[in-house]
Amino acid sequence: MQRRTFLLAVSAAALSGSLWQDAAHACAGASPYGPLGPPDANGMALPAGFTGRVIARSGQSVGGARWHPAPDGGACFTDGTGWIYVSNSEIPLAGGASAIKFGADGSVERAYRILSGTNLNCAGGATPWNTWLSCEEIFRGRVYETDPYGVRAAQPRNAMGRFKHEAAACDPDRRVIYLTEDESDGCFYRFTPGTWGDLSGGRLDVLCAGPAWKQVPNPGPAVLERQTRHQVSDALHFNGGEGCHYAGGVCYFTAKGDRKVWFYDAGRNVLGTVYDGGGSLDGVDNITGTSAGDLYVAEDGGNMEINIITPDRAVAPIMRLDGQSRSEITGPAFSPDGTRLYFSSQRGTSGETAGTGGITYEVTGPFRR
C-alpha cells in the first residue's frame, strides 16, 4: 500500500485574498495581550486584564452532577440568555460527554450527562443545528451526535466512518464535515450528508494528492477488513491528526506527530501549513478560533499553554498552567459572546487519566472579537 505524507510549501500568491494572506508560516511574536503574569491561586498564568476560575473538578459535584474524569474536547452553545459548555470524557468503556449550563451572569445553574457508555471520547465538533459530535478515539470508533440541551438521546452516526476519530468541523458553505484521525498515518476526511442537518447517511471522502477528494469505498470496515485510511492508494497521511476548526472557507487542523498546524482552503482547494513548529507552541492538539481571525491552540504536554496564532503570523502563549506537567490542555471553546474561554487540564496535578485529577477552567478577559 502506497502511503504519502503531503508537505506543501504554500506561496503568498496562492493564499492571496484568504485569511492567511502572506502567512504561509507562522512565527514567534508578541502576544496581542502582552506577556503572561505570575501564576494565580489556581496556578494559571494570564496576561494583564484577564482572570481565571475553576469551574469543575473530576469526581466532584458541579451543578448537581458529578463531573466526569479525563475531560477532553468541548464546545459552547447558546441557551436563552445564558450558554452551555459541553465536554467529552476520554476514558475507556465509561466515556461519554457532560454539559454545564450557565446563566447570563456566568453562574453555574446545573450540569448533566448527554452521552454515556461510550469509549475514549476525545474531541469532536459543534454543528450549525446545535448538536455536539462526540468522537471515539478507538479502533473502529464512532461519531455520536448528542444534544447539548439534554433532551434528545444521542445517536451513532456510522456513515461518518469507523476509525480512530479525533475531531470534526462543520463547513456550512459546502455542507460538509471535516474529520481528523489520530493515527501515525491518519487521514483527513470529508463527510457529505445526504441531507444537510441529517447525518444518518452520506458519503465519506478522503483527501488525496493534488489535493483531490476520493470516496472511501467502505466507511465501516469489519475488524479484519482494510481500514478506511488504507482503502484509497493516493490518500494523504498526517502524523497524529488532532483538533479541527472551520472558519471563512478554511479548515484548520493539527498534527501532533510533526507539530504542524495545517489548513485546507476549500474555496481555492489549497493545502498547506500555518505553523511548522519551532516556536513557543509544542504538542499541538485541540484548536478553536474567533471571528477576529485568531486561532487558539492547546498543548498536549509541552509547557501546558494555550497559544494564539494571529492572522499576521504571531505565535505566543495567552495562558499557562504551572505544576501540571503530566497533563494536557483540552477542550478550548469560547462563550457565545466571545468574552470567556473554557478549557480543561485533563489529568490536573495528579497525572491520573481515569482518576479525579481533571480540572475545567474559565478565563474571562478582553479577547479580540
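**View 1. The hairpin of E16 and E17 within a five-stranded sheet.** In the hairpin formed by E16 and E17, where two residues lie between the strands, glycine 197 adopts a positive phi near 100°. The model shown is predicted, so local features need pLDDT of at least 70 and side-chain atom pairs count only at pLDDT 80 or more, whereas totals for chains, interfaces and linings use all residues. Residues are numbered from 1 along each chain as its sequence is written, and side-chain values use heavy atoms, with hydrogens and water left out. Strands (E, at least two residues) are DSSP runs numbered from the N terminus, and two of them pair if DSSP finds at least two bridges between them. Strand E16 (residues 188–195) and strand E17 (residues 198–208) run antiparallel and are joined by six bridges, with threonine 192 having arginine 203 in E17 as its bridge partner.

View 2. Four bridges connect E17 to E18, which run antiparallel, and aspartate 205 stands opposite glutamine 215 in E18.

**View 3. The open sheet E19-E20-E21-E22.** Four strands form this open sheet with antiparallel pairing. Strand E19 (241–247) and strand E22 (270–275) stand at the edges with a single partner strand each, so one side of each is left without a neighbour in the sheet. Strand E21 (residues 260–265) runs antiparallel to E22 and is joined to it by five bridges, and tyrosine 264 stands opposite leucine 271 in E22.

**View 4. The largest nonpolar core.** A nonpolar core is a set of buried (under 20% relative accessible area, 1.4 Å probe, protein chains only) Ala, Val, Leu, Ile, Met, Phe, Trp, Tyr and Cys residues joined through side-chain atoms within 4.5 Å. The largest one has 21 residues, and Ile306, Met319 and Phe343 have the most contacts inside it. Among the elements that give two or more residues to this core are strand E24 (295–299), strand E25 (305–309) and strand E26 (314–321), and E26 supplies the largest share, four residues. A second, separate core of 20 residues includes Val143, Leu199, Leu204 and Ala235.

**View 5. The largest pocket.** A pocket is an open set of points on a 1 Å grid over the protein atoms alone, with protein on both sides within 12 Å along at least five of seven lines, and its lining residues have an atom within 4 Å of a point. About 920 Å³ of space lies in the largest pocket, the volume being the space filled by probe spheres set on the points. Of its 40 lining residues, Ala75, Ala126, His245, Thr288 and Gly289 are the closest to its centre. Strand E6 (71–79) gives the largest share of the lining, six residues.

Note on methods
Buried < 20%, exposed > 50% of the residue type's maximum accessible area, 1.4 Å probe, protein only. 1 Å grid on protein atoms, 1.4 Å probe; cavity = no way out; pocket = protein on both sides within 12 Å on 5 of 7 lines; lining within 4 Å.
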